[in-house]
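This report goes through a single protein chain by loop, helix and helix pair. The sequence and structure come next.

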Amino acid sequence: MRGIRISRSYLSLFSVLANTHMKSRLITRTQCLTIAETAPTTIRNSINSCFQFHFSFFSTSSIEDPDQPKVPDSEQGFSNQDDGSDTDDGEDVEDFDVKNVRELIVSNEAVIQDAKVILDILCKTGSDRLEMKNKLDQCCIKVSSELVVEVLSRVRHDWEAAFTFFLWAGKQPGYTHSLREYHSMIFILGKMRKFDTAWALIDEMRGTRTGPSLVMPQTLLIMIRRYCAVHDVGRAINTFYAYKRFKFDLGIEEFQSLLSALCRYKNVKEAEHLIFCNKDVFPFNTKSFNVILNGWCNIVGSPREAERVWREMGKRGIQYDVVSYSTIMSCYSKASNLHKVFKLFDQMKKLRIEPDRKVYNAVIHALAKARLVQEAIDLMRTMEEKGIAPNVVTYNSLIKPLCKARKIDEARQVFDEMIQRDVSPTIHTYHAFFRSLRNGEEVFELLEKMKKLGCQPANDTYIMLIRKFSRWCHFDNVFKVWNEMSDNGVGPDRSSYIVLIHGLFLNGKLEEAYKFYLEMKEKHLFPDPRIDEMLKAWVSSKQFAQNKIAPPKGNLHCPELEKQTRVISKKLEHEKDFLQQPETRRVVRERGFSFWE
């Protein structure tokens with residue numbers, strides 16, 4: 001056995017990274033208590049200059065290191081939904097949160113105008129909360145529930161501005177926050193990881209002992225989902241057991257909601273462990289296993305794990321239902337395993353389980369991916385003959401594989417039929433077409449058409465377009481999309497900044513990338529660790545180059561400059577020699593074995 005030679009440069013880099021990572025992870029109990037005591041104070045000091053707001057001791061906020069890399073919240077399961085699977089399974093998980101923030105019914109034009117005035121104030125005052133409060137007091141706008149929800153939806157990516165406005169609105173005469181506004185604000189705080197402040201709002205919702213409480217099971221469910229989104233499974237489970245503290249029922253439906261939240265954000269392994277640990281309290285049933293099966297199939301996308309859970313259900317005598325079949329067939333459909341899709345389809349017929357729309361959608365998508373478009377269309381006609389009308393997911397199951405196969409004309413025919421039947425396209429429909437476009441004119445033309453048909457672009461839409469234009473080096477279009485995103489109140493959020501900075505950096509636009517990097521840090525959004533490291537290295541090298549100042553003319557003797565140059569040159573020579581010398585480890589052989597010395 002020969003000794004392995006390891007380059008010292010790589011070894012030293014690894015040791016530094018490992019040491020830094022371990023230091024960021026290891027926090028003593030004293031430090032934990034110090035951080036836990038000072039975290040609410042920091043928030044309170046930034047807000048109490050404008051408002052009187054008291055924080056409770058009922059808090060489960062995670063202790064976070066600002067330099068520690070964060071898990072992106074863009075709410076990462078969306079990529080799997082774009083594959084053509086029926087996404088109805090996840091509606092009960094995510095749509096509630098989205099409705100609280102984004103789905104607004106504002107019919108009064110006066111409310112929209114007032115919202116624009118407030119948004120202008122929030123934008124112009126920036127981080128000066130005292131000036132923001134003074135200007136809000138001077139605007140003389142009557143606060144209503146629709147106005148608060150509209151403004152919160154527009155500033156949902158800036159939690160400080162949203163929270164400042166929320167506190168100001170709650171102190172206006174003739175207005176009191178309802179459950180809807182509290183849920184919107186709690187969702188924003190949870191998404192930005194301000195869990196202490198969110199729990200303080202929940203404490204405020206509880207009111208006094210004699211007064212009515214606004215806290216509902218859905219309130220705690222928002223917190224559970226936000227904890228699951230940042231993969232803090234422990235605190236999500238603690239919040240689940242807090243149902244008893246609020247005197248709510250803790251039954252099988254609440255347990256299945258917890259499982260759905262865990263699986264929705266890829267904590268499927270933990271959810272599966274939880275279901276077996278609590279089998280005595282919450283007995284096995286088909287719906288609970290369907291949640292786990294859906295997590296492996298449509299969120300993680302692992303056919304192997306899906307097969308394992310499927311066999312486990314059979315071993316334990318759990319009956320398969322139509323949801324079970326539609327879930328695993330969707331998984332095989334996305335994996336282009338047409339044989340297993342039809343095998344399960346025939347098995348359903350033998351067991352006399354009537355296929356529903358989701359089953360047909362999975363089979364249609366599998367056929368379309370296999371480029372059997374005519375067979376997919378024929379199956380859709382068969383589906384209609386049996387009284388099951390195709391929905392938007394059915395058409396998306398055809399459109400997405402056609403666009404991916406560059407059969408744009410056929411995809412447009414399906415799209416036209418969809419419009420004729422009064423089936424409104426979703427954002428996933430347009431995303432399929434966006435991916436197939438090849439120039440900027442087509443992109444903006446489709447973007448306008450999308451808006452005219454009543455489908456507003458989402459954050460994922462703008463991120464896709466920024467990434468596409470960055471790949472094409474069309475930076476005018478990149479900033480055009482960025483400005484439009486800001487004007488429409490969609491973003492920018494953490495994911496948007498990461499994609500923009502990454503695109504600029506890889507194309508050599510270092511000054512612009514660094515400008516948006518600083519802007520991102522000012523908004524307390526955590527940058528991507530790789531980009532963070534690269535930009536810091538670029539800044540340090542830039543500063544090092546600027547420090548190399550030539551000696552002034554007419555003065556050949558400059559002791560300080562000569563000393564600095566001599567130190568730098570010695571350092572460079574030492575590093576050069578150090579990097580050139582490989583590290584060798586001696587091997588000792590004893591009793592037929594080889595050991596490192």
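## Loop residues with positive phi

C140 lies in the loop that joins α6 (129-138) to α7 (145-154). In this predicted model, the phi angle of C140 is near 55°, a positive value in a residue that is not glycine. C140 counts as exposed, because its relative accessibility is 69% and the cut-off for exposed is over 50%.

R406 also has a positive phi without being glycine, with a value near 65°. R406 sits in the loop between α21 (392-404) and α22 (408-420). Its relative accessible area of 44% makes R406 partly exposed.

S153 belongs to helix α7. With a relative accessibility of 6%, S153 counts as buried. The C-alpha atom of S153 is separated by 9.0 Å from that of I188, a residue 35 positions apart from S153 along the chain.

L402 is part of helix α21. L402 is buried, at a relative accessible area of 2%. Leaving aside residues up to four places away in sequence, L402 touches V373, K407, E410, A411 and V414. Between L402 and F433 there are 9.6 Å from C-alpha to C-alpha, and the two are 31 residues apart in sequence.

Which residues of helix α14 are buried? In this helix, spanning residues 268-277, they are V268, A271, E272, L274 and I275. These residues lie on the same side of α14, because they cover an arc of only 160° around the axis. An α-helix has 3.6 residues a turn, so residues three or four places apart point the same way.

The face of α14 turned away from the buried side carries the exposed residues K269, H273 and C277.

## Helices α17 and α18

Two packed helices are described by the angle between their axes and the distance between the axes. For helix α17 (residues 322-334) and helix α18 (residues 338-350), the axes come within 9 Å and cross at roughly 165°. The pair is therefore roughly antiparallel, as angles over 145 degrees are classed that way. The crossing of α17 with α18 is left-handed.

On the α17 side, the contact is made by V322, Y325, I328, M329, Y332 and S333. On the α18 side, K340, V341, L344, F345, Q347 and M348 take part. Sorted by class, the contact of α17 with α18 has nine nonpolar residues, two polar residues and one charged residue.

## Helices α19 and α20

Helix α19 (residues 357-369) packs against helix α20 (residues 373-385) at an angle of about 165°, and their axes are 8 Å apart. This makes α19 and α20 roughly antiparallel. α19 passes α20 in a left-handed crossing.

α19 contributes R357, Y360, N361, V363, I364, L367 and A368 to the contact, while α20 contributes V373, E375, A376, L379, M380 and M383. The residues of this contact divide into ten nonpolar, one polar and two charged. V373 of α20 is also among the residues that L402 touches.

## Helices α26 and α27

How do the axes of α26 and α27 cross, and within what distance do they come? The axes of helix α26 (residues 475-487) and helix α27 (residues 494-506) come within 12 Å, and the crossing angle is roughly 165°. α26 and α27 are therefore roughly antiparallel to each other, and their crossing is left-handed.

From α26, the residues F475, V478, F479, W482 and M485 meet S496, Y497, L500, G503 and L504 from α27. This contact has eight nonpolar residues, two polar residues and no charged residues.

## The chain as a whole

The secondary structure of the protein chain consists of 30 helices and two strands. The chain has 597 residues, of which 45% count as buried. Of the contacts with a separation of 6 or more, 66% are between residues 24 or more positions apart.

Note on methods:
Residues numbered from 1 in each chain as written. Predicted model: local features only at pLDDT ≥ 70, side-chain atom pairs only at ≥ 80, totals over all residues. Heavy atoms only, no water. Axes fitted to C-alpha atoms, helices over the stretch in contact; angles between N-to-C directions. Helix = DSSP H or I, 4+ residues; strand = E, 2+ residues; numbered from the N terminus. Parallel < 35°, antiparallel > 145°, perpendicular 65-115°, else oblique. Left-handed = near helix turned anticlockwise from the far one by under 90°. Contact = heavy atoms within 4.5 Å. Nonpolar A, V, L, I, M, F, W, Y, C, P; charged D, E, K, R; others polar. Buried < 20%, exposed > 50% of the residue type's maximum accessible area, 1.4 Å probe, protein only. Arc of directions from axis to C-beta.
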